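Colleague: I am new to this structure. Please show me how to read its features one at a time.

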Amino acid sequence: MKDILNEVEGRREAARTGGGQARIDAQHEKGKLTARERVELLLDAGSFEEFDMFKAHRCTEFGMEKNRPAGDGVVTGWGTINGRLVYVFSQDFTVLGGSVSETHAQKICKIMDMALQNGAPVIGLNDSGGARIQEGVDSLAGYGDVFTRNIDASGVIPQISVIMGPCAGGAVYSPAMTDFIFMVKDTSYMFVTGPDVVKTVTNEVVTAEELGGASAHTKKSGVADGAFENDVEALAEVRRLVDFLPLSNREVVPVRPFFDDPDRLEDSLETLIPDNPNQPYDMKELILKIADEGDFYEIQPDFAANILTGFIRLEGRTVGVVANQPMVLAGCLDIDSSRKGAKFVRFCDAFSIPILTLVDVPGFLPGSSQEYGGIIKHGAKLLFAYGEATVPKVTVITRKAYGGAYDVMASKHLRADFNYAWPSAEIAVMGAKGAVEILYRKELGDPDKIAARTADYEDRFANPFVAAERGFIDEVIEPRATRKRVARAFASLRTKQTQRPWRKHPTLPL
Ligand code: HXC
């Protein structure tokens, strides 16, 4: 037994060394951690249990039979994050560039199957040169098997991708189908076709970083949900995110101890809204003042900043927040913010995370670029997502709620459960100036008359009471009591149940 144990240890040691010390050093020199170092940081100390450490490929092309590293370029297994079960795969760039072979894909599929069966998130740490060139179609088939599992797992278990090196070609489509993509600044990139192909086909000269680096995907394309300075920060932030999420759609949101009085009043909120209705204010301040301990985990902070999305806790329970941000584009809805909001609302609904919506929206962003870009369909995504969501929905209108955007932002008409308004709320088809210019076009040459008409319109509509008279607003609340009112509303909705007619799935406005 001793000899056998020694052999096992020798094999383990070989597997742990991956592609050898020189390649590990090269990985470190690039500022990247190894696949195993990453797993150690992601999971609770000592909790990692590995699968398939000795699994090797079966390829005999291009002399590969002499190059069969144990583990085949990916470390897979399960462990815990703050005591809660997660499954993880971590591609090892030091082994054949982390390239995906038939067996590499089988290892990933095994933990995905177990995660689905046991109802726990899958976290993928991506660092790979893509399809293993020597294996040809076997590698592509392996990708296909992973894709199919991504689809099966969607809406059943949270799937999180962290891009920590190359991720190119069709390989991007596995992360693309997961719920969250995080990137590491300067060391990761994602693109369907790399700079060389781009140059050959289009003559455009662009670097990998410009084309698919963290900045490109967190600021321009919106493909990624967050960018972090280095591997350590990225993994710590994934741990923080997992704490907010249920492990599967069979669970309710996690409950954590909280030290913040749910009845806390915030007098400073009484002066959050500026006197001038055209002056912006920071909606994030309201989110932080509502949240337990001021803790807000923002998703996509650098993309479509005219809408804020992220997670807070109320009485220790996770709540998803969607909020217009008056500081950016006056909080207008546009293509990007509609897509961002819709994706987030659909994630929350799939995983039974209640949704708090904070509204200050002057309408949809006008312009030909918006119309040609399909704002009609993109705006409909957000509308559809809210209308479809059956989780508890609580809405607070702080200031403007104009036009179609009023309906879209979790209004009573989309079956929100609680619709509150601050006394400063203005709910109307449009603002006073625009309305008067249309209704009293013939009087536009007479400033006195127009001023009187404007004042009259404001008196009538620049308040929450017309909507409250109809029951579209349940209550006009004091700004300082917002946390208390919202927390009580969600507490009353913990047993909410709804019925929908059977259908295979809706035909989303895509
Ligand atoms: C086999 C690969 C590989 C691959 C890298 N390696 N990519 N082996 N298949 N796809 C190996 C290299 O031979 C090398 O082995 C080691 O990994 C490290 O690679 P380097 O090139 O030395 O590293 P670096 O300079 O950092 O460049 C990284 C890289 C480059 C940019 C990723 O390796 C590269 O361009 N690789 C090919 C990428 C690619 O075209 N993949 C296919 C994409 S299409 P040694 O032994 O020297 O250490 C795709 C389709 C998926 O993935 C389809 C899904 C449907």
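Colleague: In which sense do E1 and strand E2 pair?

Modeller: Strands of a sheet pair through backbone hydrogen bonds, either parallel or antiparallel. In this predicted model, E1 and E2 (residues 74–81) are antiparallel, joined over three bridges. One of the residues involved is Phe-51, whose bridge partner in E2 is Thr-76.

Colleague: Which helices pack here, and which strands do they touch?

Modeller: Helix H4 (residues 102–118) packs on the sheet and touches E1, E2, E3 and E4. The direction of H4 makes about 25 degrees with that of E2. Helix H3 (residues 35–42) lies across E2, strand E3 (84–91) and strand E4 (122–126). H3 runs at about 165 degrees to E3.

Colleague: What is the order of the strands in the open sheet?

Modeller: Seven strands make up the sheet, in the order E1-E2-E3-E4-E5-E7-E9, with mixed pairing.

Colleague: Which residues come nearest to the ligand?

Modeller: There are 15 residues around the ligand, and the nearest are Gly-97, Gly-129, Gly-130, Gly-169 and Gly-170. Helix H5 (137–153) and strand E6 (166–168) are the elements that give two or more residues to this shell. By class, the shell holds eight nonpolar, six polar and one charged residues.

Colleague: How is the chain divided into domains?

Modeller: Domain 1 covers 2–244, domain 2 covers 267–425 + 464–492, and domain 3 covers 434–462. The C-alpha centres of domain 2 and domain 3 are 29 Å apart.

Colleague: What is the mean pLDDT of the chain?

Modeller: Where pLDDT is low, the predicted coordinates should not be read in detail. Here the chain has a mean pLDDT of 96, and 100% of its residues reach 70 or more. For the complex, the predictor gives an ipTM of 0.98 and a pTM of 0.96.

Terms used: Residues are numbered from 1 along each chain as its sequence is written. This is a predicted model: local features need pLDDT of at least 70, side-chain atom pairs count only at pLDDT 80 or more; totals for chains, interfaces and linings use all residues. Two strands pair if DSSP finds at least two bridges between them. Helices (H or I, at least four residues) and strands (E, at least two) are DSSP runs, numbered from the N terminus. Two residues are in contact if their C-beta atoms, placed from the backbone, lie within 7 Å. Axes are lines fitted to C-alpha atoms, for helices over the stretch in contact, and angles run from 0 to 180 degrees between N-to-C directions. A residue is near a molecule or strand if its C-beta atom, placed from the backbone, lies within 6 Å of it. Ala, Val, Leu, Ile, Met, Phe, Trp, Tyr, Cys and Pro count as nonpolar, Asp, Glu, Lys and Arg as charged, and the others, Gly among them, as polar. Domain bounds come from an automatic or database domain assignment. pLDDT is the predictor's confidence in each residue, from 0 to 100.
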